[in-house]
Amino acid sequence: MQFYIYEFSTYIPEIKLEDNGSYKPFDLEKYFSDDHHHAFFIELDDELIGFALVESATSTEPNTIQEFFILEKHKGNGYGKVAARKLFRRFPGEWEITQIENNAPAHAFWLGLIDELTGGNFMERHHNGLYVQTFRI
């Protein structure tokens, strides 16, 4: 998680190290204690190379990927696409994916993958500094 926050600080300058030299940790309790939040590790062979935090759909909300991370040294090799496809298969139905507007690599990744998976059958909007894609898998 510290690597994720470090890389994300490129896009959000307000993210700063705490006095103890680490980034303020996420509260991950809900991802291990309720039925709609799910934490996944992404592995390559026996190496941990990333993670995904997912909120599964409810009667009123679509599936969402809250956080998604692949270590820098493994980006561009297709591992993120493989992991995302597995998540979409595990939670079929309506999806909403968001990226902050100044994270161009994330926007390009999700836009390309969603276009590929849906054959272009998705909606994208820009709202409050976020790109938001909605689609069905």
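Me: Which residues does Leu48 touch, not counting residues up to four places away in sequence?

Reply: Contact means heavy atoms within 4.5 Å. With residues up to four places away in sequence left out, Leu48 touches Phe41, Ile42, Glu43 and Leu71. This is a predicted model, in which local features need pLDDT of at least 70 and side-chain atom pairs pLDDT 80 or more, while totals for chains, interfaces and linings use all residues. Residues are numbered from 1 along each chain as its sequence is written, and side-chain values use heavy atoms, with hydrogens and water left out.

Me: Where does Leu48 lie, and is Leu48 buried, partly exposed or exposed?

Reply: Elements are DSSP runs numbered from the N terminus (helices: H or I, at least four residues; strands: E, at least two). Leu48 lies in strand S2, residues 47–55. For accessibility, buried means under 20% relative accessible area, exposed over 50%, and partly exposed in between (1.4 Å probe, protein chains only). Leu48 counts as partly exposed because its relative accessibility is 44%.

Me: What is phi of Asp45, and where is Asp45 placed?

Reply: Phi of Asp45 is near 55 degrees, a positive value in a residue other than glycine. Asp45 sits in the loop between strand S1 (37–44) and S2, and counts as exposed because its relative accessibility is 71%. Asn128 likewise is not a glycine and has a positive phi, near 50 degrees. Its place is the loop between strand S5 (123–127) and strand S6 (130–136), and Asn128 is exposed, with a relative accessible area of 69%.

Me: What volume does the largest pocket have?

Reply: On a 1 Å grid over the protein atoms alone, a pocket is an open set of points where a 1.4 Å probe fits, with protein on both sides within 12 Å along at least five of seven lines; lining residues have an atom within 4 Å of a point. Here the volume, the space filled by probe spheres set on the points, is about 1,000 Å³ for the largest pocket. Among its 39 lining residues, Tyr4, Phe8, Phe68, Asn103 and Ala106 are the closest to its centre.
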